[in-house]
Amino acid sequence: MSLLVVGLSHRSAPVSVLERAALSADTQVKLLHDTLAAEPAVEGAVLATCNRIELYADVDKFHAGVAELSTLLAQHSGVGLEELTPYLYVHYEDRAVHHLFSVACGLDSMVVGEGQILGQIKDALALGQDQHTAGRLLNDLFQQALRVGKRAHSETGIDRAGQSLVTFGLEQLADGAPVDAWAAGKRALVIGAGSMSSLAAATLARAGVAEIVIANRTMARAERLAEILSEPGGTGVAARAVEMVAVGDELTRADVVVSCTGATGLVLTGEAVETALRGRTAPLALLDLAMPRDIDAAVHRMDGVRLVDIESLAEASADAPMASDVDQVRAIVSDEVAAFGAAQRAAHITPTVVALRAMAADVVAGEVARLEGRLPGLDDKTRAEITQTVRRVVDKLLHAPTVRVKQLAAEPGGAGYADALRTLFDLDPETVASVSRADLNDADVKNRGRV
């Protein structure tokens, strides 16, 4: 395993840099394919959220891999390599596994313990599978990360330590008051209809807002979200959909606005907000969860409006208390990293063991054929008994060493046992490689669509 991750997050880079480096969906696809086109990488996956951009790859050279992945991130993010490099972090092999498992548990999130990252990891895996850039290693890694994250949330109280960015953002807008009391009876405008916007709409509905208006570039998605919110089996809140061109008018009537789109430019300019403020007596609360930002930062300086964005959330989360359950989650992560490494090392020797057994089967077949040539009068029953006896002898001779070598290979530093086995039995390297390729292709077929 030569797993490498190069990335940046709210912990390593200012929001202004993260905002400029944000990757669109199309850019993520191109980045994946360019990663595989680069010489050091044979697999690739991108984890891109509102506060992190990470490129995972299986590489055959560490230094070349770091240089290539860093260059690719700079090229596709549009931030120059010299400017981006000071904010990049690099994790390799077990440290890379530890990093992703920690991310999956919410330990590396802006709001510690938040569970939304699991959906984002699932999306990253699905994209890698759809684009056929996630092979056996990254499929195993990301699926295990999802299981580790779910285990952390089910076995500990990490949920008490964290919450979604939506909830945290609304708490900042409420400024110390209970969110339910603050939101009760308000009119809400949600801009966007993706996963974060849907979560925001559902959270506002549960908090007791009187009405939710959904604005989105694709009207059908806005209508569908409004329908889900208002149906009896849903939240039951009054909800309706509008075109994006109606946002200006809706802004004059809304009490709270949540925006999270994939737009590359501003969705709400300072001028638009200033226009909406004219004639208002009630304050306007704005929550911007987009990266890059949807709402002009100049709004911070306007009277009668309170804006909470990713940057202010990052500042607020730095002072948030961490629950004692975090230590328990860290222990889970450490155990799971060790187990994952052992499983990967054990899997590394499997093609060699398969090749050894195939060679032994060929030897048995050759000796039985030679025996038939020397004793042509053997009846079928005797021939079958002799063949079975020889096979049992070979199987018994191979059983203990192959089981033991798998155990040894699973231990740290056990990678050399596969090489020793190939040397001792003079196994054909191409035969072992062909088993590896067949195993990889089989894993790709099995894992495709499994998230």
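Is G248 buried, partly exposed or exposed? In this predicted model, residues are numbered from 1 along each chain as its sequence is written, local features need a pLDDT of at least 70, and side-chain atom pairs count only at pLDDT 80 or more, whereas totals for chains, interfaces and linings use all residues. Side-chain values use heavy atoms, with hydrogens and water left out.

G248 is partly exposed, with a relative accessible area of 40%, where buried means under 20%, exposed means over 50% and partly exposed lies in between, for a 1.4 Å probe and protein chains only. This glycine lies in helix α13 (residues 247-253), helices being DSSP runs of H or I with at least four residues and strands being runs of E with at least two, both numbered from the N terminus. Between the C-alpha atoms of G248 and V403, which are 155 residues apart along the chain, the separation is 69 Å.

The pLDDT, which is the predictor's confidence in each residue on a scale from 0 to 100, averages 87 over the protein, and 91% of the residues score at least 70. Over residues 445-451, however, the pLDDT is below 50, although this stretch has 15 contacts in the model beyond near neighbours in sequence, a contact meaning heavy atoms within 4.5 Å. Where pLDDT is low, the predicted coordinates should not be read in detail.

Two helix pairs were examined, with axes taken as lines fitted to C-alpha atoms, for helices over the stretch in contact, and with angles running from 0 to 180 degrees between N-to-C directions. The axes of helix α5 (residues 94-104) and helix α16 (residues 325-374) come within 9 Å and cross at roughly 135 degrees. The two helices are therefore oblique to each other, given that angles under 35 degrees count as roughly parallel, over 145 as roughly antiparallel, 65 to 115 as roughly perpendicular and the rest as oblique. On the α5 side, the contact is made by D94, V97, H98, F101 and S102, and on the α16 side by V333, S334, E336, V337, F340, G341 and R345. These residues divide into five nonpolar, four polar and three charged, where Ala, Val, Leu, Ile, Met, Phe, Trp, Tyr, Cys and Pro count as nonpolar, Asp, Glu, Lys and Arg as charged, and the others, Gly among them, as polar.

Helix α2 (residues 25-37) packs with helix α3 (residues 62-77) at an angle of about 150 degrees, their axes being 10 Å apart, and α2 and α3 are therefore roughly antiparallel to each other. T27, K30, L31, D34 and T35 of α2 meet L72, L73 and H76 of α3 in this contact, whose residues comprise three nonpolar, three polar and two charged.

Several features of the backbone were also noted. E93, in the loop between β4 (89-92) and α5, has a phi near 50 degrees, a positive value in a residue other than glycine, and is partly exposed, with a relative accessible area of 30%. D175 is likewise not a glycine but has a positive phi of about 55 degrees; this residue sits in the loop between α9 (165-174) and α10 (179-183) and is exposed, with a relative accessible area of 61%. In the loop between β9 (284-288) and β10 (305-308) lies P292, and the peptide bond from M291 to P292 is cis, with omega near 5 degrees.
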